[in-house]
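Subject: Structure handover

Hello,

Here is the structure I said I would pass on, with my notes below it. Please look through the model first and then read on.

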Amino acid sequence: MPRDIPPLAEVRRITEKKRDAWWTVMLVDPVATPLVRWIAKYTRATPNQLTWGAFLVGLGSAACFAQGDWRWLLLGAVLYHVSFIFDCMDGKLARLTGTGSVFGAWLDFVFDRIRVLVCSIALMGGQYARTDDVLYLWLALAVASLDALRYIDSLEIFKIRHGMRKQIKARMRAARKAENQAELAFMEDLLRENPEADLETDRDTVAPLEPLAPLEPVAPLEATATMESTAAPVSAPAPVPAARRRPAVVDLHQEFRRRFPWWVRCRNFLQRHRIRAHLISGIEFQMGVFIIGPAVDAVVATTVVSAALLLVFELAIIYKLLLSTRDFTRTINSFETAEERIPAATSVNS
């Protein structure tokens, strides 16, 4: 008996990410989302079963790549794309049916890395057997290494950003506790919730998260602390009604946006179409190597170009992280300055 599944428009809202790789948005979601709705409605398939299906189809793709002939390469490219569609469907099915698990996330990640490794060895090994050109062996090593680098780097950057946010939240919680105000919001979170927002012209509408009100930058914290400490008689501040609470907004990408204002406009345009600004990530790298290259019988050229573009975007992310750490240091210093002025002003009044 068919399960009660929402209409396709609602399924898209539930399952599709607000920001995703352009390859996924343009070439995967239009197929994967209707399929996920059909599977959820008429079958009892689980996300883990789709993960296994993606992995097995990926191994079939590797078997085709190993043959070396262009016809087999084309079939391998098609199978790799099918494998990636299944790989996207497992997460969508988990979000739609609420059947996701921590083990499923681990299985999906591990199978993805194994698939890339096996397919890179099969693709380049097949071409080496056909041409006896040792360049393909080096390309196999490069593809596997770059894929590992991309995901190791992303995990480390996530850990560093999480640590910075955690420290700022702790300092803000202490600073805001006595004021009975909303604690903190991060600009990147507000933009993620509002992909339609334009930082240049629409700054005050970037905060749809309840109970957030119009944005208050974190910079005025020092001045606010000084004003409160010098006000006449010392008394407990009146509680701020929930509807009037205004969170301080911390922008850890402020310096990057100031240096590259044109990129803000590009980001706004891309996010209005659900496309993330990181245009060449691990996904596009894989698609270039395992789909475009084999399909057009230009494995060397597409692999080199895909690798170069991936490195360019990874270096850009690292540079953006460097600037973000400077914003983090300035934010922490602003808390320390405010904390120093409060005791000084209190002692003057006493």
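Arg 13 is exposed, with a relative accessible area of 57%. The model is a predicted one, and that applies to everything below. Arg 13 forms a salt bridge with Glu 10, with 2.6 Å between the closest N and O atoms. Glu 10 is partly exposed, at 28% relative accessible area.

Salt bridges

The structure holds 16 salt bridges. One of them joins the side chains of Arg 274 and Glu 16, at 3.3 Å from N to O. This pair links distant parts of the chain, 258 residues apart. Arg 274 is in the loop between helix H11 (261–272) and helix H12 (282–296), while Glu 16 is in the loop between H1 and helix H2 (22–27). Glu 16 has a relative accessible area of 14% and is therefore buried. Both residues belong to a network of salt bridges that also takes in Arg 12, Asp 29 and Lys 92.

Helix H5

Helix H5 covers residues 70–97.

Asp 69 caps the N-terminal end of H5, with a side-chain oxygen 3.1 Å from the backbone nitrogen of Arg 71. The side chains of Arg 71 and Asp 69 also meet in a salt bridge, at 3.8 Å from N to O. Arg 71 is exposed, at 62% relative accessible area, whereas Asp 69 is partly exposed, at 34%. Just after H5, Gly 98 takes a positive phi of about 70 degrees.

There is also a nonpolar patch on the surface, formed by Trp 70, Trp 72, Leu 74, Leu 75, Val 78 and Val 82. Together these residues have about 500 Å² of accessible area. Val 78, which is placed in H5, counts as partly exposed because its relative accessibility is 45%.

Cysteines

How many disulfides does the structure hold? It holds zero. Cys 64 is in no disulfide, and the nearest cysteine sulfur, that of Cys 119, is 9.7 Å away. A disulfide would need the two sulfur atoms within 2.5 Å. Cys 64 is buried, at 6% relative accessibility. Cys 88 is buried as well, with a relative accessible area of 17%.

Backbone

Most residues other than glycine have a negative phi. Asp 132 is found in the loop between helix H6 (102–131) and helix H7 (135–176), and is exposed, with a relative accessible area of 59%.

Asp 297 is not a glycine either, and has a positive phi of about 55 degrees. Asp 297 lies in the loop between H12 and helix H13 (299–349). With 40% relative accessibility, Asp 297 counts as partly exposed.

Regards

Note on methods: Residues numbered from 1 in each chain as written. Predicted model: local features only at pLDDT ≥ 70, side-chain atom pairs only at ≥ 80, totals over all residues. Heavy atoms only, no water. Patch = residues over 30% accessible without salt bridge, like charges linked within 9 Å, V, L, I, M, F, W, Y side chains within 5 Å. Areas by Shrake-Rupley, 256 points an atom, 1.4 Å probe, with all protein chains shown as cover. Salt bridge = Lys/Arg side-chain N within 4 Å of Asp/Glu carboxyl O. Helix = DSSP H or I, 4+ residues; strand = E, 2+ residues; numbered from the N terminus. Buried < 20%, exposed > 50% of the residue type's maximum accessible area, 1.4 Å probe, protein only. Polar contact = N/O pair within 3.5 Å; in protein donor to acceptor, adjacent residues only side chain to side chain.
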